[in-house]
Amino acid sequence: LGLETLGGENSPRMDSLPLRQKGDFSMAKKKRLVEVHQERFPFSCAEIFPLLCPVEEDDWLPGWREQREMIYTESGRAELGCVFITRKQPHLMGTATWVNNVYDPDEKIQYSAVNEHMVYQIQGNLKPVPAGCEVTLTRTWTALTPQAEEFLGRMADDAGKAPPKRFELMAHYLRTGKMLSP
């Protein structure tokens, strides 16, 4: 799964998936929202990558610990195939089950989440740059229900107007070693 250029930094895109038919199989058109955000940090990729772990996010993402339940991990941290559940996630319309499906330390990580309303993917690509690391965060929502299509339509109106709050929270934690108070 590669990154797509979507009209520049921080630009959202709404797509409809094509209708396909083969035999008795058909795929209805569903809405998809893709956001790409890029940020440069004055920290190494080796310092940033561990923070993209559902367990490590407890330390820097306010409210995360109460929403996340680890289901499977051999190492106790992010790894290929780790599984966890999140509850009360507004951007996912509720509870979702997550799996880590790409894990390349200090370079790339991807999680997919699914619930009855949508499929969500978040991918972080890290690239060393002079005096730091460039992080490209690609978030993709695919609606599974009419309610999710409506929800994604509202999100698209506001998408891309500001970088994700998680960049600010992560930068603060990297600078201070402390969680930024909500």
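The following dialogue takes some labels used for this predicted model and sets each against its definition.

Visitor: What do the values rest on?

Guide: The model is predicted, so local features need pLDDT of at least 70 and side-chain atom pairs count only at pLDDT 80 or more, while totals for chains, interfaces and linings use all residues. Residues are numbered from 1 along each chain as its sequence is written, and side-chain values use heavy atoms, with hydrogens and water left out.

Visitor: Why is the pair C45 and C133 called a disulfide?

Guide: A disulfide is a pair of cysteine sulfur atoms within 2.5 Å. The sulfur atoms of C45 and C133 are 2.4 Å apart, so the pair qualifies. The structure holds one disulfide. C45 lies in helix α1 (residues 45–48) and C133 in strand β10 (residues 132–143), 88 residues apart, so the link joins distant parts of the chain. Helices (H or I, at least four residues) and strands (E, at least two) are DSSP runs, numbered from the N terminus.

Visitor: What makes the link of C45 and C133 right-handed?

Guide: The angle about the S-S bond is 95 degrees, and the link is right-handed.

Visitor: How do you know whether C53 and C82 are buried or exposed?

Guide: Buried means under 20% relative accessible area, exposed over 50%, and partly exposed in between (1.4 Å probe, protein chains only). C53 has 4% relative accessibility, so C53 counts as buried. C82 has 0%, so C82 counts as buried.

Visitor: What makes β10 largely enclosed by the rest of the structure?

Guide: Twelve of the twelve residues of β10 are buried, so the strand is largely enclosed.

Visitor: How do you know that β10 pairs with β4 and β9?

Guide: Two strands pair if DSSP finds at least two bridges between them. Ten bridges join β4 (residues 31–41) to β10, and twelve join β9 (residues 118–129) to β10, so both pairs meet the definition. β4 runs antiparallel to β10, as does β9. Among the bridge partners in β10 are T140 for V34 and A143 for M118.

Visitor: What lies between β9 and β10 in their hairpin?

Guide: Two residues lie between the strands, and A131 in the turn has a positive phi of about 65 degrees.
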